[in-house]
Amino acid sequence: MALKQLSVRTQVAIIGGGPAGLLLSQLLHLSGVDNIILERRSRAHVEGRIRAGVLESRTAELLYRAQAGARMQHDALLHDGFNLCFGRDCLRVDVKTLAGTSLVVYGQTEITRDLYELRLAEGGQIVFESEDVALHDITDKPRVTYRLDGAQREISCDFVAGCDGFHGISRASIPAAALKTYERSLPYGWLGVLSETPPVDDELIYSRSARGFALCSMRSRSLSRYYVQCPLSDSIADWTDARFWDELRQRLPDSAASRLISGPSLEKSIAPLRSFVCEPMRFGRLFLAGDAAHIVPPTGAKGLNLAAADAGELAEALVVYYREHDDSGLENYSTRSLRGAWAAVRFSWWMTMLTHPMGDEFSDQLQRAEFEMLRRSLAAAELLARNYCGMGNL
Ligand code: RFL
Ligand code: PHB
């Protein structure tokens, strides 16, 4: 394989083999644009990371367009709505009726697995466990250097796609003076547990209780994903399985708590509640996509969907550039993607503020009033449904 050579050339060097990098690679490949992915971790490590689970229908459509939808079509669950509970009171948000579309429940692990299988079967060039990846001359003739098997290697390319997540090197390679960043974090995290137990309900339950937020989600009819809000200072060691199930049960309305089936945790992790945006999403010939450019708290289930939308936009802009020598798509990429990102940042923040007790009575009353508005106003419920399924910006 060409990658055995110490120095190679490609059209687009993609840093990061998460959902954004993989989808971009596949879409470019289908349009004849040559690319190489550099991934810091092993394939097994990336495929094993338990993260998102709810896809907007346009994300599912993009996966079909990338010819990566066969297993999803067979295995995914279609949800027409979700439940929002405030203490004992629950509201079913009928997304299908209110917004005209359904949601697709399919894990990020599965999407990553499908895309790796596809890329590698089609001869895609993916360098796993590439170390010390560094970008050079990104405003002129980009080069990417890295180390593999102890040897220093180099890729020269037309463009670099920075798809290496929030802690990656791509955004950090842009001079600070060329970027503006926005950030807001909460002192809470979500403790997530995956368990091989039937989900407590056919649909998701977002539950705001006085003890803290809880979410009941799923990956399949026999695999559940549950979360409870916890202080960011907590560590996994603070949460035995028994403590987790006990706390979750106490945060759910009685009807759900009585149906909850517990079991050993297959995975347990804590994710922070953080909003972050960097502007612009481009510097010279480097384009950022996904978590490398923006982070949202998981409450609105938007992170993965945003990453996929960026990959779709960037692929289209690059393909038009190569096919028609037209760089207008690349010129507009940052502005267009940021519009969608800010819509998701706003919605995710709003949904977090609606469902997480903040520890003061004024916030409690505001949250109750907001919940009542959603129950009484069709317009308010419609706005929630449209945002949840990714139409907030349309
Ligand atoms: P990823 O998935 O972080 O992938 C980036 C990839 O880049 C690699 N990398 C490097 N490779 C080469 N050189 C370097 N120097 C590199 N540095 C990093 C990493 O190993 C990795 O493989 O970003 P991408 O592709 O933009 O995808 C974004 C999504 O993963 C993310 O938005 C969501 O998972 C966010 N998120 C959630 N979103 C939801 O919609 N619902 C959720 O329930 C949900 N849970 C989560 C999450 C994110 C989490 N993180 C980031 C801690 C739970 C967690 C724990
Ligand atoms: C998940 O299934 O992991 C999930 C679902 C909905 C969210 C966040 C996470 O809002």
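Predicted model: local features only at pLDDT ≥ 70, side-chain atom pairs only at ≥ 80, totals over all residues.
## Ligand 1 and its nearest residues

Ligand 1 has 29 residues around it. Those that come nearest are A20, E39, R49, Q108 and D291.

Three of these residues place a polar atom beside an oxygen atom of the ligand. For E39, an N or O atom of the side chain is 2.6 Å from an oxygen atom of ligand 1. For D291, a polar side-chain atom is 2.7 Å from a ligand oxygen. A20 uses its backbone instead: a polar atom there is 2.9 Å from an oxygen atom of ligand 1. On its own, ligand 1 has 1,000 Å² of accessible area, and the protein covers 87% of that.

## Make-up of the ligand shell

Which elements give two or more residues to the shell around ligand 1? They are α1, spanning 19-30, and α9, spanning 303-324. The most comes from α9, which gives 3 residues.

By class, the shell around ligand 1 holds 14 nonpolar residues, 7 polar and 8 charged.

## The open sheet

An open sheet is built from 3 strands, in the order β3-β7-β4. Its pairing is antiparallel. Strands of a sheet pair through backbone hydrogen bonds. The edges are β3 (54-55) and β4 (77-79), and each of them pairs on one side only.

Between β4 and β7 (residues 103-105) there are 3 bridges. L77 has V105 of β7 as its bridge partner.

## The second largest pocket

The second largest pocket has a volume of about 550 Å³. Its lining counts 28 residues. Closest to the pocket centre are R58, A309, D310, E313 and G340.

Which of them has the largest share of the lining? That is α9, with 8 residues.

The lining of the second largest pocket divides into 9 nonpolar, 9 polar and 10 charged residues.

Helix α9 takes part in both sites. It gives 3 residues to the shell around ligand 1, and 8 residues to the lining of the second largest pocket. Its partners are listed separately for each site. In the ligand shell, α1 also gives two or more residues.

Technical notes:
Residues numbered from 1 in each chain as written. Chains lettered and ligands numbered in written order. Heavy atoms only, no water. Near = heavy atom within 4 Å. Polar contact = N/O pair within 3.5 Å; in protein donor to acceptor, adjacent residues only side chain to side chain. Areas by Shrake-Rupley, 256 points an atom, 1.4 Å probe, with all protein chains shown as cover. Helix = DSSP H or I, 4+ residues; strand = E, 2+ residues; numbered from the N terminus. Nonpolar A, V, L, I, M, F, W, Y, C, P; charged D, E, K, R; others polar. Pairing = 2+ DSSP bridges. 1 Å grid on protein atoms, 1.4 Å probe; cavity = no way out; pocket = protein on both sides within 12 Å on 5 of 7 lines; lining within 4 Å. Points joined across faces, edges and corners; volume = space filled by probe spheres on them.
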